[in-house]
Amino acid sequence: MKIRARFALLALSAALAVPAAAQDKPIQMRLSTTVAENSHYGDLVHAFADEVKKLTGGRYEILGFHAGALGGEREAIEAVQLGTQELTLTSTGPVPNFVPETRILDVPFLFRDYAHARAVLDGPIGQDLLKQFDSKGMKALGWCDNGFRHMTNSRRPVNSPSDLKGLKMRTMENPVHIQAYKAFGIIPTPMAFTEVFTALQQGTVDGQENPLSIIQSAKLDQVQRYMTLTGHVFSPCVLLMSKEAYDKLSDEDKKAFEQAARAGIAANRARVDKDEQEAVAALQKNGMQVVTEVDKTAYQDALAGVYKDFAKQFGQDKLDQIRNYQP
Ligand code: EAX
């Protein structure tokens with residue numbers, strides 16, 4: 001009897017200890033990117049994690065996995081959709097394969113500058129697109145900047161669109177980009193970003209296109225000699241959370257995560273602004289030859305045929321709504 005009583009007491013104290021310990025231990029959530037930690041993606045992850053911690057009194061802990069440690073963007077979106085991973089920060093590259101409505105954002109020369117892109121994404125058009133993720137098992141917490149993409153290659157300086165002809169270029173796994181870039185005369189080779197450095201190094205492809213923030217943080221200047229500031233397309237990023245994980249949050253915590261996302265996005269955009277100021281000089285210093293004077297109308301003209309098709313696909317009115325958007 002005595003032993004039993006002591007056992008019961010032990011069991012009782014153990015049972016009491018469990019909830020207390022569980023309360024102290026934060027709930028951990030994984031947030032992956034394919035981009036180096038020291039980047040506009042890493043800055044978002046850090047600011048988001050800090051705010052989540054602060055706003056939830058440390059009840060949630062965001063663990064950042066950078067540089068493709070958990071795999072490529074397509075795999076990460078799949079994992080978030082399935083609920084086996086809580087969060088990912090991704091470019092729109094593979095997103096249209098999950099949420100086709102977002103394809104319109106990947107149309108080349110749709111956005112004039114950062115102010116225009118940010119206004120559209122933060123305004124009703126962008127917010128409406130975020131809602132389209134709900135029915136696909138994801139909660140999209142906000143649009144951020146990857147940046148305006150530029151062409152790089154290891155073969156020759158690109159002074160006009162005709163210099164792109166025949167270049168084998170890695171593209172994102174994005175149907176809109178692939179269709180448009182074919183019209184430039186390049187040979188598109190879609191692949192995950194996690195494979196790009198090696199593919200460039202080994203000469204599997206001649207070139208690629210990405211924003212300055214990516215070219216610099218991924219050290220692509222080590223494997224690419226030529227860059228042309230084509231700015232041919234704006235590349236958004238999006239912070240995605242598993243709908244399952246999001247729905248488990250209390251209303252108050254949902255608000256905390258959304259506020260933390262806004263802080264993350266502000267950090268992301270501030271870093272992009274800084275990179276836009278500094279990256280070209282840094283890349284030149286590392287030996288890249290950069291064509292800075294670019295006749296953008298020549299590149300737009302090369303896409304005239306594709307634009308006709310985009311107008312059919314997306315509706316000219318929808319494209320104009322974005323082009324002419326005034327906040
Ligand atoms: O999300 O795949 C790409 O080129 C993206 O720009 C990059 O991974 C950042």
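First, the classes: Ala, Val, Leu, Ile, Met, Phe, Trp, Tyr, Cys and Pro count as nonpolar, Asp, Glu, Lys and Arg as charged, and the others, Gly among them, as polar. This is a predicted model, in which local features need pLDDT of at least 70, side-chain atom pairs count only at pLDDT 80 or more, and totals for chains, interfaces and linings use all residues. Residues are numbered from 1 along each chain as its sequence is written, and side-chain values use heavy atoms, with hydrogens and water left out.

By class, the shell around the ligand has 5 nonpolar, 4 polar and 3 charged residues. Among its members are T34, E73, R170 and F193; a residue belongs if one of its heavy atoms lies within 4 Å of the ligand.

Which polar side-chain atoms lie by an oxygen atom of the ligand? One belongs to N210, at 2.6 Å from a ligand oxygen. For Y41, a side-chain N or O atom is 2.8 Å from an oxygen of the ligand, and for R149 the distance from a polar side-chain atom to a ligand oxygen is 2.9 Å. A polar contact here is a pair of N or O atoms within 3.5 Å. Taken alone, the ligand exposes 270 Å², and the protein buries 99% of that; the areas come from the Shrake-Rupley method with a 1.4 Å probe.

The ligand sits in the largest cavity, meaning that more than half of its atoms lie within 2 Å of the cavity's grid points. A cavity is a set of points, on a 1 Å grid over the protein atoms alone, where a 1.4 Å probe fits but cannot get out.

Note on methods
Polar contact = N/O pair within 3.5 Å; in protein donor to acceptor, adjacent residues only side chain to side chain. 1 Å grid on protein atoms, 1.4 Å probe; cavity = no way out; pocket = protein on both sides within 12 Å on 5 of 7 lines; lining within 4 Å.
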